[in-house]
Amino acid sequence: MRPVLVVPEDLVSHLGSHVAFGGEPPSYLVASSAQRARLDRRLLAKGRGALVVAAPAARLARVVAAIRAGVPDAAILVVAEERPRGAGIVTVSPAAFAERVLQPELERACARARAERLRAHFYDAERVLILMQDDPDPDAIASALALRTLLGRNRTGAPICTFGTITRPENLAMCKILEIDVEPITTKEMHAFDRVAMVDVQPSFLEERFVNVDLVIDHHPIEEPVRADIRDVRPSYGATSTILVEYLRAADIKISQRLATALLYGIKADTLGLERGGTKADLEAFTYLYLLANHNALRRIERPELSETALDALAAGLAKRRIVKGVFFSHLGRVATVDLIPQFADFGLQAEGVEWSVVSGEVSGDLHVSVRNVGYVKSAGDVTRAAFGDLGSAGGHRTMAKAVMPLRDLLEAGGETRSATGCQERIIERFLRALGQNGKAH
Ligand SMILES: [Mn+2]
């Protein structure tokens, strides 16, 4: 049975054939009186598009009642300021039209104007520097790639640069798998560019001093006034990538699968990770990108490959594990890369009956400890600080924390000689004590 759309007659001329239902154009019925709008089931069974019933605004309620009387189970949508009586009637007000249709379009028009202004600013530049923070994260890398796309440039016309270098394996994997070229740069080399744009960072966050910055797009809170020709800093956003998705969409620029994958990962890393939570805007961008992205590539980025040496370290760690009072402990000994430790800590949480995972390893004389928990227990940051805070840096969040201290200090504090077993014992002792104390305090 076809649905019935009841509208004020002055709206009818705007509808035309636009209210297609099931791909079928509507048919119209003008109800000059309530009586004539009395429909019967046969009329609604014939044809497939919506049946549009037009009536003077003041008489809409009576028309709806008449339709209800004729076909009690008809699907009815009424465009009216007030909702007519009757069960199962859906109403949309003309104000909602403006709110749902015009308001987003108004915002889109503004976003488009902003995007055009931004593109115009860089239009005649020979080389544009796209600069990120010192250890660029996925949000920064994706934002940089998106800005390059927005400016219609390639690697030569707008290289993506950092004063530092990418260190995290996931971020390196992201660049490798998505073929994103991040280049190191020095302050001296900056002069070779005639425009400078910064993404996911503000000039005051970098040590270098800048004479003139053309553009800053960021989502971190403003600490010092941002000095740039064009500034777009939105601290309420969970990711800079979200801001760039809005620009690309407003400017009607096609988002390639590669760019969508980078942006999706950028938003995910910032909003699901420790940095900040996501907002409605982030969710909308995320949903939009989700259909465009390459999810196979994403999986490969999120689970970096393990080398033979890494596998050996993990195998040894697994063999030497100790599970005490629901805490998974494993000391990996000396490890080649520090990232193996948090990676294995995540894994430890999967052991049956475990609520905490504490994995440690030695990297150039320092002991690194990664702590994870299931989320419904005490704060990982608090417990880790209580356990190791006196020996080095220690802290974190509800479910993730880490501590770094000189290995020697840990052993000496426990009156031990330098041995791996001693190290494991000291960690277990200190952690369980902190967990207990922390428990009593609550
Ligand atoms: Mn960010």
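Which residues touch the most other members of the largest nonpolar core? They are Ile-130, Ile-141, Leu-147, Ala-197, Val-199, Ala-262 and Leu-263, in a core of 56 residues.

## Basis of the model

This is a predicted model: local features need pLDDT of at least 70, side-chain atom pairs count only at pLDDT 80 or more, and totals for chains, interfaces and linings use all residues. Residues are numbered from 1 along each chain as its sequence is written.

## The nonpolar cores

A nonpolar core here is a set of buried Ala, Val, Leu, Ile, Met, Phe, Trp, Tyr and Cys residues joined through C-beta atoms within 7 Å. A residue is buried if 20 or more other C-beta atoms lie within 10 Å of its own, exposed if 12 or fewer, and partly exposed in between; the C-beta atoms are placed from the backbone.

Ile-141 belongs to the largest core. Leaving out residues up to four places away in sequence, Ile-141 touches Met-132, Pro-136, Asn-171, Met-174, Cys-175, Ile-180, Val-182, Ala-262 and Gly-266. Apart from this core lies another, of 34 residues, including Ile-341, Phe-388, Ala-403 and Phe-431. Contact means that the C-beta atoms of two residues, placed from the backbone, lie within 7 Å.

Ala-142 sits in helix α5, residues 138-150. Helices (H or I, at least four residues) and strands (E, at least two) are DSSP runs, numbered from the N terminus. Ala-142 counts as buried because it has 34 C-beta neighbours inside 10 Å. Its contacts, not counting residues up to four places away in sequence, are Ser-241, Ala-262, Leu-263, Tyr-265 and Gly-266. Ala-142 and Leu-264 are 122 residues apart along the chain, yet their C-alpha atoms are separated by 8.4 Å.

Helix α8 covers residues 257-272. Its 16 residues reach 22 Å from first C-alpha to last, close to the 22 Å expected at 1.5 Å a residue. That expected span is 1.5 Å times one less than the number of residues. Helix α8 is mostly covered, with 13 of its 16 residues buried.

## The six-stranded sheet

An open sheet holds 6 strands in the order β8-β7-β6-β9-β10-β11, with parallel pairing. β8 (182-184) and β11 (230-233) stand at the edges with a single partner strand each, so one side of each has no neighbour in the sheet. From one strand to the next, the twist averages 25°. Strands count as paired if DSSP finds at least two bridges between them. β10 (residues 215-218) and β11 pair in the parallel sense over 4 bridges. Asp-218 stands opposite Val-233 in β11.

Helix α7 (residues 240-250) lies across β9 (195-199), β10 and β11, at about 115° to β10. Axes are lines fitted to C-alpha atoms, for helices over the stretch in contact, and angles run from 0 to 180 degrees between N-to-C directions. In α7, 9 of the 11 residues are buried, so the helix is largely enclosed by the rest of the structure. Among the buried residues are Thr-240, Ile-243, Glu-246 and Tyr-247. Just after α7, Asp-252 takes a positive phi of about 55°.

β13 (residues 327-334) and β14 run parallel, joined by 6 bridges. Arg-334 stands opposite Glu-362 in β14. With helix α12 (residues 340-348), β13 and β14 make a right-handed β-α-β unit. Right-handed means that, with the strands pointing away from the viewer, the path from the first strand over the helix to the second runs clockwise.

β14 (residues 356-363) has 6 of its 8 residues buried, so it is largely enclosed by the rest of the structure. β14 and β15 (residues 366-373) pair in the antiparallel sense over 8 bridges. Ser-360 stands opposite Val-369 in β15. The two strands form a hairpin with 2 residues between them.

## Positive phi in loops

Most residues other than glycine have a negative phi. Ser-364, in the loop between β14 and β15, has a positive phi of about 35°. Ser-364 is exposed, with 7 other C-beta atoms within 10 Å.

Glu-179 has a positive phi of about 55°. Its place is in the loop between α6 (169-177) and β8. Glu-179 counts as exposed, with 7 C-beta neighbours inside 10 Å.
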